Amino acid sequence: MSTALVKGPSLPPPQLSEKRRQGHVAFTLWSELHTQTMDSSGKPVLYSYFRSSCSWRVRIALALKGIAYDQEPVNLLKDGGQQLAIIQYLEETRPNPRLLPQDLKKRAQARMISDHIVSGIQPLQNLTFLKQVGGEKLEWAQRYITCGFKALERILQHTAGRYCIGDEVSMADLCLVPQVYNAERFKVDLAPYPTITRINKALLELEAFQVSHPCRQPDTPAELRA
């Protein structure tokens, strides 16, 4: 979760066709070490899909850090899909409020949980996989979310306070909420995961998680808005 596509005045804006070819959602922001990378309004631009877990994680991070930005919706159901991973960049360039604990053990735990979700659970519900599965999409997604949640529930029983790592919001929480949303989309029974369910409920009470929710994005279909 450490790369970002950065553009500046010396570089042409990335074309959507190119981003689709590379399989990335582009996020443009200001780089303190390089050049200004803003749109005409002076804000960074997030190329986002309302229901993308990867985009949602970044939207939460931006909201928590109080970074105003503009969105350019990209439909992942057309012309291939894109994904995004830049939270580490935001953490290094906008360290407050922090998304990684100061305590080194807790920091390692936050990264472990984040990696477990974004590498071990979420990719297996990506469109690329689901298209290959064919008519068994629901069963496939349920199988691998359940497998991942079993391990995650055990981990959280040792690390959690109000949130994934103690009582401070961390990178792990940014990864958890979109994954629970996916689990609900695929009708996974969450009853066996009380810790996951409790943390998710607490996080959804926070403004940053509410404003970044898929039901409140510029490209959210009317029937899914809340």
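Where is the place of Ser212? The points below take up this residue and then the wider fold.

1. Basis of the note. This is a predicted model, in which local features need pLDDT of at least 70 and side-chain atom pairs count only at pLDDT 80 or more, while totals for chains, interfaces and linings use all residues. Residues are numbered from 1 along each chain as its sequence is written, and side-chain values use heavy atoms, with hydrogens and water left out.

2. Ser212. Ser212 lies in the segment after helix 9 (207-211). With a relative accessible area of 1%, Ser212 is buried (under 20% relative accessible area; over 50% is exposed and in between is partly exposed, with a 1.4 Å probe and protein chains only). Not counting residues up to four places away in sequence, Ser212 touches Trp56, Arg59, Ile60 and Gln217, where contact means heavy atoms within 4.5 Å.

3. Overall architecture. The protein chain contains nine helices and three strands, these being DSSP runs numbered from the N terminus (helices H or I, at least four residues; strands E, at least two). Along the sequence the pattern is α-β-β-α-β-α-α-α-α-α-α-α. Of the 226 residues, 47% count as buried. Among contacts in the protein chain with a separation of 6 or more, 70% come from residues 24 or more positions apart.

4. Strand pairing. Strand 2 (residues 45-48) pairs with strand 3 (residues 70-73) in the parallel sense over four bridges; pairing requires that DSSP finds at least two bridges between the strands. Tyr47 has Glu72 of strand 3 as its bridge partner. From strand 2 the chain passes through helix 2 (residues 53-64) to strand 3 in a right-handed β-α-β crossover, that is, the path runs clockwise from the first strand over the helix to the second when the strands point away from the viewer.

5. Helices 6 and 8. The axes of helix 6 (residues 137-159) and helix 8 (residues 194-203) come within 8 Å and cross at roughly 75 degrees; axes are lines fitted to C-alpha atoms over the stretch in contact, with angles from 0 to 180 degrees between N-to-C directions. Helix 6 is therefore roughly perpendicular to helix 8 (65 to 115 degrees). Helix 6 contributes Phe149, Leu152, Glu153, Leu156 and Gln157 to the contact, and helix 8 contributes Pro194, Thr195, Ile196 and Ile199.

6. Ile145. Ile145, found in helix 6, counts as buried at 0% relative accessibility. Leaving aside neighbours within four places in sequence, its contacts are Ile121, Gln125, Gln179, Asn182, Ala183, Phe186 and Val188.

Technical notes: Angles under 35 degrees count as roughly parallel, over 145 as roughly antiparallel, 65 to 115 as roughly perpendicular and the rest as oblique.
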